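Thanks for coming, everyone. Let me put the chain on the screen, and then we can walk through a few parts of it together.

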Amino acid sequence: MSDQSPPPGWTPRDPDTPPGAPHDVPPPRAHDPDRRRPPHPPGRGRKPRRPRTGWRRAVPTWRMVLGGLLLLALLIGGALVAGYLLVDIPPANAAATAQSNVYLYSDGSLIARDGEVNRVNVPLSQVPRTVQEAVLAAEDRDFYSERAVDPKAMVRAAWNTATGKGTQSGSTITQQYVKNYYLGQEQTIKRKVKEFFIAIKLGREKSKDYILEGYLNTSYFGRNAYGLQAAAQAYYGKDVNKLTTAEGAYLATLLNSPSAFDVVSHPQSRPRALARWNYVLDGMVKKRWLHAADRAATAFPEPGKVRAAAGLSGQRGYLVEAIKDYIVDNKILGDKTLAEGGYHISSTVDKRRQTALVDAVDQELVSKLEPDTRKADRLVRAGGVSIDPATGKVVAMYGGIDYTKQYVNNATRHDYQVASTFKPFVFAAAAENGSRTQDGRRITPNTIYNGDNKRPVVGGRIRFAPENEGQVSYGNITVNTATDLSVNAVYAQMAVDVGTGRVKQTAIDLGIPENTPNFVTGPAMALGTLQAGVVDMAQAYATLADHGRRTPYTFVEKITKGGDTISLPPRTPTQAISREAADTTTAMLASVVDNGTGTAALAAGHPAAGKTGTGELDRSAWFAAYTPDLVTVIAMMGQDPDTGTLQSLYGALGEPRIGGGGYPARIWAAYTKTALEGTDPVDFDLELQPGAAQPPPPPSPESEPPRETPGEPTSSTPERPTRPTPSNGTGGRNQGGQNNGGQNQGGQDNGGRTNGGQDNGGQGNGGQDGGGTTQGGDQAGTTQGTQGSAQGSTQGADSDPADGLRPPSAFLE
């Protein structure tokens with residue numbers, strides 16, 4: 001059989017040529033598409049790997065990745081074994097005998113100690129089964145079936161915290177018990193590592209019932225109560241074995257945020273607390289620990305009053321609670337960490353000014369209350385905060401008559417409307433944004449608006465026609481005058497002109513928290529329908545006082561424990577609004593004190609700027625004001641002492657009405673005079689926006705000031721209307737107009753307007769419904785006295801809030 005022919009493209013080798021010897025290489029041949037790739041020569045092996053070049057050199061191979069993972073697993077496994085062997089279960093921590101915290105005035109003198117730990121241990125058998133299940137539903141629903149630690153939950157909690165979804169512990173009940181009983185509340189890696197290994201070891205050595213019993217006896221529930229038995233007594237005045245399912249669910253709710261979810265001492269947190277309570281009960285149903293029918297029939301169990309320690313009587317308890325809330329809210333220390341005690345806390349509160357504020361409230365208000373003879377006097381509450389605008393330090397605070405009697409801090413609560421004290425923020429927003437009216441005029445203190453009662457707001461998406469205080473119609477008035485007299489119609493229109501979103505943002509920039517209750521955009525916001533705290537309003541007014549520079553307020557100067565100093569959050573000042581916007585607002589507020597509803601503040605003897613406010617149905621009355629060196633906000637509030645419901649202040653202190661320009665302004669003046677005693681009065685150093693300083697041109701005595709309408713600019717300025725005065729019972733103003741305009745029965749008897757017949761017989765603001773037509777000042781108002789009839793009020797002018805003589809109404813001043 002003949003030899004096979006060589007494959008195409010290969011040169012035959014001479015059989016006499018030894019292997020490996022060179023042989024002739026054929027010349028290059030044209031590409032042959034039919035040529036097949038030759039097989040590997042025998043014995044040559046695989047083709048060499050192509051070297052990695054470019055970016056591929058930086059990418060690890062799969063062998064490298066696999067090797068790294070195996071090495072990492074070995075290291076982690078070794079670390080876990082070493083940790084388990086090296087970390088022992090320690091003795092109980094110091095929380096079992098926790099120390100008191102010490103609270104100090106700024107001069108180092110003692111405010112108070114916050115009391116000793118209240119703890120009584122009980123066996124698990126004494127805790128009702130449904131109460132145990134409520135705690136599990138709140139904290140760890142799979143406690144009896146899971147391991148001592150849950151790595152997935154820990155990773156998930158860390159991820160949620162890092163991505164801004166809220167701080168979450170990711171800890172099982174076993175881990176929480178270890179933290180409560182063996183370690184502490186410090187947020188450190190070292191403590192978390194110890195907690196991890198002790199929990200694993202404890203889970204292997206102890207039963208689930210043992211761990212749950214320990215957890216229930218060591219957890220902090222607020223009100224200085226450690227353990228379920230102490231909490232049952234603190235909140236419901238009963239032993240733990242008498243707790244109902246609903247009560248147990250509420251106590252379980254407190255574990256998440258003990259102080260914040262106390263609906264008695266923090267009524268503003270009620271919605272959040274109720275949501276958490278419902279979450280607990282729904283979890284019990286989901287786990288089939290509670291029948292759906294029983295769940296539906298369960299009502300929220302109102303906890304009892306706070307029983308404060310004797311050492312926290314007077315203002316001391318309010319100060320301590322405000323300082324604690326500030327520390328927890330600003331994440332300086334956790335609620336449970338702070339409760340462990342041993343901290344020395346130096347506050348910013350000035351002892352002399354604190355005494356001055358308490359004395360001012362006592363002299364101007366408390367000493368005049370007669371709750372035994374006047375039922376309405378039982379409803380009166382008061383709150384106040386004073387801030388140094390240059391530093392943001394709270395130098396004085398009044399929380400109520402006595403912490404052991406009225407436990408809710410009136411200076412920090414958030415359930416009363418701020419009323420017209422919000423109006424300066426509307427104008428500040430206009431000045432900051434260069435806003436214009438509907439007809440294109442720049443908004444300044446001299447801009448003219450229509451101030452008629454129930455004038456519909458133009459340009460907004462919501463129909464709104466606000467009532468003025470006393471239902472008075474003012475006609476065309478400047479913004480400055482509208483601020484002096486607190487005219488609702490002007491400011492509701494201004495809010496729409498500026499843009500309600502811009503108004504809200506300016507208020508936030510000044511210092512009003514974005515999450516303030518009822519902080520809803522709309523024209524009504526200009527009337528102060530939001531429910532900010534006294535301390536929040538003091539913060540915002542302090543920003544205006546410091547020329548638009550906001551320095552976050554603080555109650556705390558320094559915190560130490562065992563020689564260590566706790567770091568405090570930075571409070572870097574920021575320019576919230578321009579100096580011109582803030583100073584122009586201040587100039588208008590100075591006019592309120594000099595000429596408007598806040599004249600009682602002149603008794604302080606120092607140049608001041610401020611604003612009065614009276615809440616809906618007279619449930620609150622405010623005066624927020626400042627000198628160049630000191631900002632103070634005073635509020636009166638109506639609350640039923642038995643039910644805690646908000647009430648009107650009609651008839652309190654023997655007055656038909658309570659307004660911000662009355663008792664609050666007088667308290668402000670008395671305090672400010674003493675607080676600034678020994679200092680010279682200082683004028684405001686103001687830089688006004690263009691056009692703000694020029695006075696408006698005086699009106700011609702022969703001409704009638706035109707009434708402003710949207711889209712129709714006006715250049716002439718009306719004479720300033722006078723403040724409303726007490727009604728004579730027929731709705732008119734002492735039966736007459738003013739200044740030669742129907743002086744004797746000038747169209748005001750039956751529903752005439754405040755300024756009816758003003759300047760030559762009711763020009764523009766004449767009597768209404770024909771008022772002044774036949775008797776307008778001995779015929780002086782005959783031709784002009786009726787021109788305001790289409791827009792005037794149907795009622796006569798009642799007095800300003802400062803006069804305290806208005807009949808009840810449902811709107812705000």
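The chain exposes about 37,400 Å², and carbon and sulfur atoms supply 52% of that area; accessible areas here come from the Shrake-Rupley method with a 1.4 Å probe, and for residues only the protein chains shown count as cover. Please keep in mind that this is a predicted model, where local features need pLDDT of at least 70, side-chain atom pairs count only at pLDDT 80 or more, and totals for chains, interfaces and linings use all residues. Residues are numbered from 1 along each chain as its sequence is written, and side-chain values use heavy atoms, with hydrogens and water left out.

Of the 813 residues, 52% count as buried, where buried means under 20% relative accessible area, exposed over 50%, and partly exposed in between (1.4 Å probe, protein chains only). The chain has 20 helices and 16 strands; these are DSSP runs, H or I of at least four residues for helices and E of at least two for strands, numbered from the N terminus.

Now, which elements cover helix 8? Its buried residues, in residues 245-254, number 10 of 10, so helix 8 is largely enclosed by the rest of the structure. The cover includes helix 2 (129-139), helix 7 (228-236) and helix 9 (270-286), with contact meaning heavy atoms within 4.5 Å.

On to helix 20. This helix has 13 residues and reaches 18 Å from first C-alpha to last, close to the 18 Å expected at 1.5 Å a residue; the expected span is 1.5 Å times one less than the number of residues. Its buried residues, among them Tyr663, Trp668 and Ala675, pack against helix 13, strand 6 (380-387), strand 7 (394-398), strand 15 (620-626) and strand 16 (631-638).

Let's stay with helix 13 for a moment. In helix 13, residues including Arg352, Leu357 and Glu364 take part in a contact with helix 20, where the residues involved include Tyr663, Ile667 and Tyr671. By class, that contact has 9 nonpolar, 1 polar and 4 charged residues; Ala, Val, Leu, Ile, Met, Phe, Trp, Tyr, Cys and Pro count as nonpolar, Asp, Glu, Lys and Arg as charged, and the others, Gly among them, as polar.

Leaving aside residues up to four places away in sequence, Asp685 touches His547, Arg579 and Asp583. Asp583 lies 102 residues from Asp685 in sequence, with their C-alpha atoms 8.2 Å apart.
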